[in-house]
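Thanks for making the time this morning.

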Amino acid sequence: DAPSYSNFFDRKRHELLQQSGINLDEALSAAIAADNAMIDGINRRADTVIGIHFCRGNKRSAWGAEGSYEPIADKVFGSLKMDRYLLEFDSERAGGFEPLRFVPTGKTVVLGLITTKEPELESVDELLRRIEQASKYVPMENLAVSTQCGFASAASGNLISWDDMRRKLELVAEVARTVWG
């Protein structure tokens, strides 16, 4: 889980860091280097898969960051030693799928299309349409679907019920079966 990357694409956070004198390009490079050093330190088996989730905040059904992945996409997707990128795309706050053009061949993008912040279920047809849009940038066999985040980033949880959570997970499974069999 990597909520710190949102500092580099959320305009308000970006401006605060700049005002405090932080060189954002150097800070982003340092964050990537730290994550890569951690990955290099893992004793990986051949079947080990490493992924990273760019969290935008998820506490009491609120979010903490907004903005497209565009400002960091080229550098992050091209430099991080990840097998999978778990990205939040559950609302317009995340921007479009265009930044996915920087995902290297063979990497998997898990599209977090289903919100865990609200009880209402997304339309299957809309989810299928959005997956099709994302496949313009990443081949369908390298895409997956999930909720945008876990069901909360804190013990206080989100403002949805256990039944809502179950229905959300059933929706993930239904969409995945429809798209990938």
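If we take the contacts in the protein with a separation of 6 or more, 75% of them are between residues 24 or more positions apart. Please keep in mind throughout that this is a predicted model, and that every value I quote is computed from it.

As for the elements themselves, the protein has five helices and four strands, and when we read along the sequence they follow the pattern α-α-β-α-β-β-α-β-α. The radius of gyration is 16 Å, close to the 16 Å that the globule rule gives for 181 residues, so the protein is as compact as a globular protein of that length. The C-alpha trace spans about 45 × 35 × 30 Å along its principal axes, and buried residues account for 41% of the 181 residues. The accessible surface comes to about 9500 Å², with 52% of that area belonging to carbon and sulfur atoms.

Let me turn to helix α2, residues 24-40. Which residues of α2 are buried? They are Leu24, Leu28, Ala31, Ile32, Asp35, Asn36 and Ile39, and because they cover an arc of only 130° around the axis, they lie on the same side of α2. The cover over these buried residues includes α1 (11-19), β1 (51-54) and α3 (70-79).

A polar atom of the Asn36 side chain lies 2.8 Å from the backbone nitrogen of Lys81. Leaving aside residues up to four places away in sequence, Asn36 touches Ser79, Leu80 and Lys81.

We can now compare this with helix α5, residues 162-180, which has 19 residues and reaches 27 Å from its first C-alpha to its last, close to the 27 Å expected at 1.5 Å a residue. Its buried residues are Asp164, Met165, Lys168, Leu171, Val172 and Val175, and since these cover an arc of only 115° around the axis, they sit on the same side of α5. On the other side of α5, Trp162 and Arg177 are exposed. What do the buried residues of α5 pack against? Their partners are β3, α4 (124-134) and β4 (143-147). After α5 comes Gly181, whose phi is positive, near 80°.

My last stop is in a loop, the one between β2 (84-88) and β3 (108-114), where we find Val103. Is Val103 buried or exposed? With a relative accessible area of 11%, Val103 is buried. Not counting residues up to four places away in sequence, Val103 touches Phe77, Val109 and Val138. Val103 and Ala134, which are 31 residues apart in sequence, are separated by 12 Å in space, C-alpha to C-alpha.

That is where I will stop, and I am happy to go back to any of these places on the screen.

Notes. Residues are numbered from 1 along each chain as its sequence is written. This is a predicted model: local features need pLDDT of at least 70, side-chain atom pairs count only at pLDDT 80 or more; totals for chains, interfaces and linings use all residues. Side-chain values use heavy atoms; hydrogens and water are left out. Buried means under 20% relative accessible area, exposed over 50%, partly exposed in between (1.4 Å probe, protein chains only). Helices (H or I, at least four residues) and strands (E, at least two) are DSSP runs, numbered from the N terminus. The arc is that of the directions from the helix axis to the C-beta atoms. Contact means heavy atoms within 4.5 Å. The radius of gyration is taken over C-alpha atoms; the globule rule is 2.2 Å times the number of residues to the power 0.38. Accessible areas come from the Shrake-Rupley method with a 1.4 Å probe; for residues, only the protein chains shown count as cover. A polar contact is a pair of N or O atoms within 3.5 Å; within protein, one must be able to donate a hydrogen and the other to accept it, and residues adjacent in sequence count only if both atoms are side-chain atoms. The expected span of a helix is 1.5 Å times one less than its number of residues.
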